[in-house]
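Please look over the sequence and the model shown here, then read the notes by topic.

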Amino acid sequence: MTGKTVYSFVIIYHKIYSMYKSKLFITFIVACVAFISTKAQNKLYEFDNNVLSSHWSSPENLNGKKGAGGAENGTAKGHAFDAIEAGATRTLLNVQGTGIINRIWITIDDRSPEMLRSLIIEMFWDGESKPAVSVPFGDFFATALSKTATFQNNLFASPEGRSFVCYISMPFKKGAKVAVVNESSKKLGHIFYDVDFEYLKTWQPGFMYFHAYWHRDTATTPGKDFELLPAVNGRGRFLGASIGINSNPIYGDSWWGEGEVKMYTDGDNTLPTIVGTGTEDYIGTGWGQGQFANNYTGCLIADSKAKQWAYYRYHIADPIFFTSGCKVALQQIGGNGVDKVTEMQKANLPLIPVSLDNADGFHAFYKKPESNNLVGTNFKDGWVNFYRSDDVSATSYFYLSTPTSSLPALQNLAVRVYNLKTK
């Protein structure tokens with residue numbers, strides 16, 4: 001019995017409720033809830049009748065061939081890792097048929113920020129030549145500034161900061177290919193991996209293809225939102241983002257994270273349907289953000305000395321679905337006291353005051369030239385939000401009903417490693 005069936009039964013029963021005492025009806029509802037809860041708890045014990053077989057693709061058995069694992073050294077450990085020469089590509093999985101990837105685990109012997117940005121993880125669905133995923137290796141696994149951390153959340157993990165684990169489900173209808181490209185100038189000596197997947201009997205109507213997109217702007221333009229996810233067309237789900245920021249030192253110790261996340265879905269044009277209240281608010285905290293890792297939100301790097309923050313938000317408990325298209329943007333807004341912002345304006349730094357909050361109330365003056373120049377005004381105290389320019393990068397994760405999208409190709413290596421902080 002499905003949840004929908006139980007719901008329908010409850011509606012029918014409610015129609016005859018007046019013929020029975022309320023105690024009986026309450027007992028019935030409690031029984032229904034208990035039944036549904038029991039079914040949910042027993043999922044681990046239920047056989048999935050749509051599964052044909054389970055497989056791991058690893059160096060010991062590439063593509064998880066039936067009954068062919070560990071053959072290279074007479075069943076002893078003989079091929080636990082591979083290498084990737086500079087400029088070469090290593091395919092981790094290349095299979096045909098209908099299936100679903102459930103987990104990817106990788107560890108490598110060079111986890112420097114340079115290597116994590118120089119390696120690219122790519123994923124292709126159903127024989128397409130354009131990848132649905134083409135993202136710097138470290139950034140894909142939620143290490144948004146290519147600096148490893150020990151963490152676990154609902155989508156990614158690095159138990160001791162030495163491995164890269166992804167738990168995102170990735171169905172494919174006709175085939176799947178997962179590869180790692182080495183665009184660095186040196187050989188990657190060791191890559192250990194397994195890609196865990198299942199072959200399925202049928203492609204279900206509700207299945208969608210997994211996609212990921214990475215983008216960096218080394219100097220955002222004041223007044224222009226950074227696009228976490230440029231516009232994509234079709235039916236899908238925005239799963240969330242891992243975001244990294246190198247705060248611009250010209251603003252001193254000013255707070256960078258006042259920008260609001262905006263989601264334009266299904267025909268939204270100038271204004272979005274979904275809009276937040278601030279960057280730290282978006283990941284479930286407030287008044288700044290320190291280091292933490294929770295199931296759906298976290299900040300893995302919060303280094304005010306290095307002026308670096310790496311954080312994530314995954315829309316699992318609060319799904320974001322769209323039927324015709326989606327775009328997700330993040331305002332580039334920071335804040336500081338009115339005196340500090342006034343001094344920065346006097347120094348002609350790239351900024352645009354947006355609003356002032358003080359004892360007299362909230363003053364919104366963006367696009368009001370007569371008032372957004374604080375120099376010479378009577379404002380003596382308060383908090384000023386202002387558009388600013390920082391170095392921002394982000395990986396967005398999403399599903400689409402199609403195996404490819406119209407998003408641009410991954411930015412070149414020079415952009416990816418520009419001014420990369422290694423300490």
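The model is predicted. The notes cover an open sheet of four strands, aromatic pairs, which number 24, and two lysines placed over aromatic rings.

**The four-strand sheet**

- The strands of this open sheet follow the order S14-S22-S16-S17, and their pairing is antiparallel.
- Strand S14 (226-233) and strand S17 (274-275) are the edge strands; each has a single partner strand, so one side of each has no neighbour in the sheet.
- Strand S16 (residues 261-265) runs antiparallel to S17, and two bridges join them.
- Met 263 has Ile 274 in S17 as its bridge partner.
- In general, strands of a sheet pair through backbone hydrogen bonds, in either a parallel or an antiparallel way.

**Aromatic pairs**

- The count of aromatic pairs is 24.
- One of them joins Trp 255 and Trp 256: the ring centres are 4.8 Å apart and the planes stand at 45°, so this pair is tilted.
- Trp 255 is buried at 15% relative accessibility, and Trp 256 is buried at 5%.
- Tyr 314 and Tyr 397 make an edge-to-face pair, with 6.0 Å from centre to centre and 75° between the planes.
- Tyr 314 belongs to strand S20 (residues 308-314) and Tyr 397 to strand S27 (residues 391-400), so their pair ties together parts that are 83 residues apart in sequence.
- Tyr 314 and Tyr 397 are both buried.
- These two tyrosines also belong to a cluster linked by ring pairs, whose members include Phe 137, Phe 140, Phe 141, Tyr 312 and Tyr 399.
- Among the other members of that cluster are Phe 156, Phe 164 and Phe 210.

**Lysines over rings**

- Lys 177 lies over the face of Phe 124, 5.4 Å from the ring centre.
- Lys 327 lies over the face of Tyr 264, 4.7 Å from the ring centre.

- Ala 142 sits in the loop between helix H4 (137-140) and strand S7 (151-152).
- The relative accessibility of Ala 142 is 4%, so Ala 142 counts as buried.
- Asn 419 is in the segment after helix H7 (413-417).
- With a relative accessible area of 54%, Asn 419 is exposed.

Conventions: Residues are numbered from 1 along each chain as its sequence is written. This is a predicted model: local features need pLDDT of at least 70, side-chain atom pairs count only at pLDDT 80 or more; totals for chains, interfaces and linings use all residues. Side-chain values use heavy atoms; hydrogens and water are left out. Buried means under 20% relative accessible area, exposed over 50%, partly exposed in between (1.4 Å probe, protein chains only). Two strands pair if DSSP finds at least two bridges between them. Rings of Phe, Tyr and Trp (its six-membered ring) pair if their centres lie within 6.5 Å; planes under 30 degrees apart count as stacked, over 60 as edge-to-face and the rest as tilted. A charge sits over a ring if NZ of Lys or CZ of Arg is within 6 Å of the ring centre and within 35 degrees of the ring normal.
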